[in-house]
Amino acid sequence: MLKIKQELLAGLAQALDQLSPGAGDKAAFESPKVAAHGDYAVTAAMQLAKPLKANPRQLGEQLKAALMALPVYQQWVADIEIAGPGFLNLRLKPAAKQAIVTEVLQAGEAFGVQPSNGQRLMVEFVSANPTGPLHVGHGRQAALGDAICSLYETQGWDVYREFYYNDAGVQIGTLATSTQLRIKGFKPGDAEWPEAAYNGDYIQDIANDYLAKTTVHSDDREFTASGDPEALDDIRLFAVAYLRHEQDLDLKAFAVKFDNYYLESSLYTSGRVDATVQKLREAGKTYEQDGALWLKSTEYGDDKDRVMRKGDGSYTYFVPDVAYHIAKWERGFTKVINIQGTDHHGTIARVRAGLQAAGVGIPQGYPDYVLHTMVRVVRNGEEVKISKRAGSYVTLRDLIEWTSKDAVRFFLLSRKPDTEYTFDVDLAVQKNNDNPVYYVQYAHARICSVLAAWGGDVDSLAGADLSPLDTPAAQSLMLLLAKYPAMLTAAAEGFAPHDVTFYLRELAAAYHSYYDAERILVDDEAVKRARLALVRATAQVLHNGLAVLGVSAPQKM
């Protein structure tokens, strides 16, 4: 059906060019607002009416006649109806819709996947400082980042996943002193305990392992504790390695992997920060005032100029960000997406301004940003704010242990990133239609049960005669299957994995309706095989869509 659609679009372009040379470049099909009106809608007649100074309905008549004169339209289109001021509503023949079943079964897991476009993409996400366990907000970011990576992979991009973290600075210093105090026997509430110290039980766990001279391993480092309570630098290095290991466990439980971990400290030790500041100076984009070095960021759309280097000689936090993104560009990543919390909104203008001012060839609007809000967690009807493990917030691992990896991923992806979201733990563990991830997974499992009850060779269904699939319920389901590739493309372009969750829920509902409307394992062998082929194709698309989200497609529930 996808090939048929392209042939029909080519025919539409040809007919439009006959009406107005060059109009064929805008040939497009839309989905009718009311499904009963047809399968595809064409609004070109109304769009051409004004420039051609013609009646749109009369143009519609001319366009209809031109289309129905084409062999491809005679082969695949049952009828074209002119509605309203000049809408064209196309009704496809059943055979056109049935073709999608064969396409899905032949492509399998590759259905909806575009060929390689030869382009590289970096997605930076999670990027949590190693000062504590990953919280629910990090979980939303991990789900978003991983799903956006998967979406772009379906569109032919070579995707690289990167985790950036601050392995120095004030927060790491606080982590080290908090751990040292625990090592020496102090605890929150004691007179010696600073107000800014980290209070979670995990600090005591780090202290215990440090005293035991444990060796900890993480994806990017390894360190053996000396056990010396006075060796603050050793304590810092051990604590960072320990928490990086804990974060690795969180990410493993969430089935998220990274290609690289990038250290903020390396931007200083490699000289990248100093080199970036020098580029900005040489470009004439800085000035000295009040003992500080300023960037002329207002020249690039920022609401005010920004301090780069403070009076004490230290750099403000956006300067290493500029150096980091120059490094991304120099590594060959011409497209970069950063997944960050909405609290980072203020950094976007100044980072982009710094990249433009540096004059290294980076285009405007680089990098792209996807900002997300935090997540409220509700359990037993009450908001949960405190985790014993973390001391002041609910961790990602808490949420996974209370529900499941699949539920957490699907739920956190089910809304636009910048909308507030409340995670209902009780709903996430329910096994009914109110639970969206269960509803979708159950549709897949239900199809697997039907196929198992049949007991035949599922691979043979790709060659089934599909002509019996001519009922409204079957055709509705097939049309929805055909929308999957375009949905993936739009979701990638819009950084919108929530569109995948919406589609999967719609597809699950369409399957459940089809199952209720028509028996599948009927006595008529031809009808049975055709219906089995349709539901097998539906299971494949459910599987593919869930895989984009990082959610499993179970065969049993």
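This is a predicted model: local features need pLDDT of at least 70, side-chain atom pairs count only at pLDDT 80 or more; totals for chains, interfaces and linings use all residues.
A residue counts as buried here if its relative accessible area is under 20%, as exposed if over 50%, and as partly exposed in between (1.4 Å probe, protein chains only).

Residues are numbered from 1 along each chain as its sequence is written, and side-chain values use heavy atoms, with hydrogens and water left out.

**Salt bridges**

Side chains of opposite charge can pair when their charged atoms come close. With a salt bridge taken as a side-chain nitrogen of Lys or Arg within 4 Å of a carboxyl oxygen of Asp or Glu, the structure holds 27 of them.

| Pair | Closest N and O atoms |
|---|---|
| Arg 161 and Asp 146 | 3.1 Å |
| Asp 220 and Arg 244 | 3.2 Å |
| Arg 244 and Asp 248 | 2.8 Å |

Helices (H or I, at least four residues) and strands (E, at least two) are DSSP runs, numbered from the N terminus.

Asp 220, by contrast, is partly exposed at 27%. The bridge from Asp 220 to Arg 244 again links distant parts of the chain, 24 residues apart: Asp 220 is in the loop between β6 (215-217) and β7 (222-224), Arg 244 in α9 (residues 232-253). Through shared partners, salt bridges join Asp 167, Asp 220, Arg 221, Arg 244 and Asp 248 into one network.

**Helices α5 and α18**

Elsewhere, helix α5 (residues 94-107) meets helix α18 (residues 472-482), their axes coming within 9 Å and crossing at roughly 55 degrees. Axes are lines fitted to C-alpha atoms, for helices over the stretch in contact, with angles running from 0 to 180 degrees between N-to-C directions.

Contact (heavy atoms within 4.5 Å) involves Pro 94, Lys 97, Gln 98, Ile 100 and Val 101 of α5, and Gln 475, Met 478, Leu 479, Leu 481 and Ala 482 of α18.
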